[in-house]
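Trainee: Could we go through this model together, one question at a time?

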Amino acid sequence: MSQRHKVFVSYHHANDQSYRDRFERLFAHQHDILLSQSVRIGDINENLPAERIRQIIRDEYLRESTVTVVLIGTDTWKRKHVDWEIGASIRDTRYNSRSGLIGILLPSYHLPARGLLETLRDKQTENNFRKYNPKTLPPRLVDNVNRGFAKIYDWSDDPCQVQRWIHQAFNRRNRIVPDNSLTGFVNNRSGTEWQR
């Protein structure tokens with residue numbers, strides 16, 4: 001097996017906390033394939049100004065991480081903090097090196113009734129097809145899937161598979177330049193799909 005990586009998990013705290021807890025329990029504690037760098041509810045005073053919260057996340061959580069995993073539920077794409085965490089993690093700076101990036105579609109993710117569906121075939125497992133509407137995923141993540149920097153996967157409880165995804169993202173982080181050109185969210189978004 002590959003080495004363990006320091007993983008930051010970005011997710012919708014109100015909707016998907018149980019999946020974040022399950023992800024960490026399975027892969028950080030039970031199977032010991034990653035070191036969690038994640039923010040837990042209550043770790044940061046949510047009454048602080050947004051810029052101070054971002055500074056704490058950047059300096060105390062993202063600085064040591066090498067891969068960012070975005071857990072994607074139905075409303076994850078709407079969250080300004082998810083957008084900011086993706087943007088901060090793929091930025092290569094003097095103090096924070098760039099992290100690899102993957103998205104994992106949670107079992108709670110569902111396809112909207114309308115919209116373009118994309119079908120991707122995972123090269124590792126020929127029969128594993130994933131369908132999703134890219135306009136219901138975080139737009140900065142979609143930009144980086146299109147660039148080849150990031151990948152999208154379906155949820156898996158298989159530690160070997162998840163470890164492989166994380167290690168591949170770690171390896172891609174310095175071989176492919178990410179796309180971080182999207183203007184950051186100022187507020188959370190609403191609606192059924194994002195628009196540029």
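Trainee: Against which elements do the buried residues of α2 pack?

Mentor: This is a predicted model, in which local features need pLDDT of at least 70 and side-chain atom pairs count only at pLDDT 80 or more, while totals for chains, interfaces and linings use all residues. Residues are numbered from 1 along each chain as its sequence is written, and side-chain values use heavy atoms, with hydrogens and water left out. Helices (DSSP runs of H or I, at least four residues) and strands (runs of E, at least two) are numbered from the N terminus. Taking buried as under 20% relative accessible area and exposed as over 50%, with a 1.4 Å probe and protein chains only, and contact as heavy atoms within 4.5 Å, the buried residues of α2 pack against β1 (5-10), β3 (67-72) and α3.

Trainee: Which exposed residues does the face of α2 turned away from its buried side carry?

Mentor: In α2, the buried residues are Ile 53, Arg 54, Ile 56, Ile 57, Tyr 61 and Leu 62. Seen down the helix axis, they fall within an arc of 160° (taken from the directions from the axis to the C-beta atoms), so they line one face of α2. The face turned away from that buried side carries the exposed residues Glu 51 and Glu 60.

Trainee: How many helices and strands are there in the chain?

Mentor: From the N terminus on, the elements run β-α-β-α-β-α-β-β-β-α-β-α. The chain has five helices and seven strands.

Trainee: What percentage of the residues of the chain count as buried?

Mentor: Among contacts between residues at least 6 apart in sequence, 75% join residues at least 24 apart. Of the 196 residues of the chain, the share that counts as buried is 49%.
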